[in-house]
Amino acid sequence: MAFPERFTNLPDYAFPRLRALLAEITPGLAPGEAPMILTIGEPRHPMPGFVADVMAASIGQLSKYPPNEGTPELLAAIGGWLDRRYGLDVAPGRLMVLNGTREGLFNAALALCPERKDGQRPAILIPNPFYQVYAVAAAAVGADPVFVAATPDTGNLPDYGALDPALLDRVGLAYLCSPANPQGAVADVAYLEALVALAERHDFLILADECYSEIWRDAPPPGALQVATAMGLPDRVVMFNSLSKRSNLPGLRSGFAAGGAAQIARMRQLRNYAGAPLPLPVQRVSEAAWADEDHVAASLALYQQKYRIADEVLGDIPGYRSPQGGFFLWLPVADGEAAARRLWAQAGIQVLPGAYLSREVDGINPGAGFVRVALVADAAQTRDALTRLRAVLYDDTAEG
């Protein structure tokens with residue numbers, strides 16, 4: 001039986017790779033210590049208190065087919081949030097709901113990446129390290145993935161403007177994540193203005209992954225669509241967000257895309273054929289969640305407390321960078337895989353090797369010297385885990 005080759009060069013996904021790496025290790029925990037799993041970006045803060053009541057009140061609507069693009073009420077709630085958060089007036093026709101952002105980030109490439117660009121095979125720009133759906137989207141549309149290093153030397157954001165203009169002329173799409181997963185860097189207005197101008201000059205579309213936008217240290221991060229709109233170029237950006245991180249509802253699988261009318265129309269057209277609409281009870285909960293800010297503020301305060309804990313425990317370590325947004329620490333180590341094995345063996349802490357979130361380019365994997373740590377546990381558990389982590393990886397008195 002013949003199979004397609006387009007996905008054959010994909011590495012194993014990060015979490016199966018980690019399980020294989022740690023499979024033969026039994027953690028040596030002290031009496032009373034418990035394993036700490038700090039790998040997956042799954043929020044553990046309380047979900048909004050109204051979720052169960054709204055879900056129960058609308059459960060009978062499971063008997064109905066839901067609208068694919070979203071209920072009018074949900075689109076209005078999302079539009080209201082975009083107005084409050086960014087000062088944007090986004091008509092319902094420029095919005096569509098998603099089964100989480102991963103679905104949208106993948107399907108946007110199918111709907112919006114041209115088959116040819118500048119008479120050539122298109123390229124898709126991807127920050128390196130990156131959320132892995134970007135690469136599989138490029139493979140699905142037959143585009144050349146261009147992995148652009150996002151390292152401390154570049155402020156942990158990709159410097160797309162430094163690429164060869166001839167390459168930029170055949171770019172169809174450019175992915176950007178801000179706040180960045182995994183590094184926690186935030187693209188400021190100047191960065192976003194430069195990127196939008198670059199997209200206008202070379203005629204490509206920015207897919208802005210902003211699902212960590214409501215988790216920040218000092219100030220709410222600017223949005224790519226917000227900046228592009230202020231520049232008079234809103235059609236250069238499609239932004240994506242969800243309730244997974246903002247509202248601690250990763251299992252709800254509820255997100256949205258917002259962009260230019262033509263771009264969203266093409267995404268809606270594809271979704272009419274190949275997408276799965278959100279069940280109406282899920283949409284009703286989503287309506288309530290996008291309309292409420294109290295639970296968001298409470299969750300943000302908990303993350304900001306954990307930023308302070310991380311700074312207190314790890315702040316004097318050479319190369320440590322405190323995240324400006326999101327809930328990951330991107331910690332420098334000699335070798336990410338070796339550090340992950342050592343942490344699990346000596347302290348019962350699971351972290352993700354940075355190389356599993358990156359691709360090797362010209363013999364260099366920009367994530368190889370890092371581990372990703374998810375700040376998803378409560379404050380006390382976070383302090384305990386980071387203290388144990390420091391003792392194993394950084395203190396001179398640590399064994400090994």
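Which residues have the most contacts inside the largest nonpolar core?

**View 1. The largest nonpolar core of this predicted model.** This core has 53 residues, and those with the most contacts inside it are L82, V237, M239 and F256. Helix α3, which covers residues 72-86, provides the largest share of this core, namely seven residues. Apart from this core lies another one, made up of 48 residues, including L22, I317, V351 and F370.

**View 2. The surroundings of L82 in the predicted model.** When its neighbours within four places in sequence are left aside, L82 is in contact with G87, L88, V90, L95, M239, F256 and A258.

**View 3. The largest pocket, with a volume of about 520 Å³.** Its lining consists of 25 residues, of which Y13, I40, G41, Y131 and K245 lie nearest the centre of the pocket. Two or more lining residues come from each of α1 (14-22), α4 (100-112) and α9 (243-246), and α4 gives the largest share, three residues. By type, the lining divides into twelve nonpolar, seven polar and six charged residues. Because domain 1 (14-46 + 295-395) and domain 2 (61-292) both give residues to this lining, the largest pocket lies between them.

**View 4. The second largest pocket, with a volume of about 210 Å³.** Here the lining has 13 residues, and L112, D203, L205, R236 and Q263 lie nearest the centre of the pocket. While β5 (171-177) and α10 (261-274) each supply at least two lining residues, the largest share, three residues, comes from α10. The lining of this second largest pocket comprises six nonpolar, two polar and five charged residues.

Technical notes: Residues numbered from 1 in each chain as written. Predicted model: local features only at pLDDT ≥ 70, side-chain atom pairs only at ≥ 80, totals over all residues. Heavy atoms only, no water. Core = buried A, V, L, I, M, F, W, Y, C linked by side-chain atoms within 4.5 Å. Buried < 20%, exposed > 50% of the residue type's maximum accessible area, 1.4 Å probe, protein only. Helix = DSSP H or I, 4+ residues; strand = E, 2+ residues; numbered from the N terminus. Contact = heavy atoms within 4.5 Å. 1 Å grid on protein atoms, 1.4 Å probe; cavity = no way out; pocket = protein on both sides within 12 Å on 5 of 7 lines; lining within 4 Å. Points joined across faces, edges and corners; volume = space filled by probe spheres on them. Nonpolar A, V, L, I, M, F, W, Y, C, P; charged D, E, K, R; others polar. Domains from an automatic or database assignment.
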